[in-house]
Amino acid sequence: AGMACAEEAKEEWNETSLSNETIEKIQKAQFNYKKCVVDTMQKPEFAKLESRNATDAIIKLCEPTLGEMRQVYLDVQVPGVIADRHLKKLRIQVTRNLLQELMYAEAARKSGMPQ
């Protein structure tokens, strides 16, 4: 049991140890990821796809942007587990919002509403 506690202690990290500069880099990377998703979503080829397929394709296309954000974390010695947890949370939030937007747009198209 002592080894398990020692391993957990290594993964602990104090969020207040991030500098303002690092926080700005992370926020910029988040913005770039969300911008990638929005810009990609607006391409006409995705309007033709079913909303779930379009969501999956868009998220995969923007995945490299998350890699940049992960590197910002790793550069300031944030444990990979913590960085990955934050990236997963962000990816889930963005995916949910994107799917919802695409489902609304798809429903509007099917109902004949102008966009």
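A nonpolar core is a set of buried Ala, Val, Leu, Ile, Met, Phe, Trp, Tyr and Cys residues joined through side-chain atoms within 4.5 Å. Buried means under 20% relative accessible area, exposed means over 50%, and partly exposed is in between, with a 1.4 Å probe and protein chains only. This is a predicted model, in which local features need pLDDT of at least 70 and side-chain atom pairs count only at pLDDT 80 or more, while totals for chains, interfaces and linings use all residues. Residues are numbered from 1 along each chain as its sequence is written, and side-chain values use heavy atoms, with hydrogens and water left out.

**Overall make-up**

The protein has five helices and zero strands, giving the pattern α-α-α-α-α along the sequence. Helices (H or I, at least four residues) and strands (E, at least two) are DSSP runs, numbered from the N terminus. Of the 115 residues in the protein, 29% are buried. Among contacts (heavy atoms within 4.5 Å) with a separation of 6 or more, 70% are between residues 24 or more positions apart.

**The core**

The largest nonpolar core holds 23 residues, of which Y33, V37 and M69 touch the most other members. Two or more residues come from each of α2 (20-41), α4 and α5, and α4 gives the most, with eight residues. In general, nonpolar side chains tend to be buried together in soluble globular proteins. Beyond its neighbours within four places in sequence, Y33 is in contact with I59, C62, T65, L66, L90, R91 and V94.

**Helix packing**

Axes are lines fitted to C-alpha atoms, for helices over the stretch in contact, and angles run from 0 to 180 degrees between N-to-C directions. Angles under 35 degrees count as roughly parallel, over 145 as roughly antiparallel, 65 to 115 as roughly perpendicular and the rest as oblique.

The axes of α4 (residues 51-75) and α5 (residues 80-111) come within 9 Å and cross at roughly 155 degrees, so α4 is roughly antiparallel to α5. Their contact is made up of 15 nonpolar, five polar and six charged residues. Here Ala, Val, Leu, Ile, Met, Phe, Trp, Tyr, Cys and Pro count as nonpolar, Asp, Glu, Lys and Arg as charged, and the others, Gly among them, as polar.

The axes of α2 and α5 are 11 Å apart at an angle of about 25 degrees, which means that α2 is roughly parallel to α5. From α2, Q30, Y33, K34, V37 and M41 meet H86, L90, R91, V94, L98, E101 and L102 of α5. This contact has seven nonpolar, two polar and three charged residues.

**Individual residues**

| Pair | Separation along the chain | C-alpha distance |
|---|---|---|
| R52 and L99 | 47 residues | 6.5 Å |
| E106 and S51 | 55 residues | 6.8 Å |

R52 lies in helix α4 and is exposed, with a relative accessible area of 52%. E106, in helix α5, is buried at 12%. Leaving aside neighbours within four places in sequence, E106 is in contact with E50 and S51.

Q77 lies in the loop between α4 and α5 and is exposed, at 63% relative accessibility. Its phi is near 65 degrees, a positive value in a residue other than glycine. Most residues other than glycine have a negative phi.
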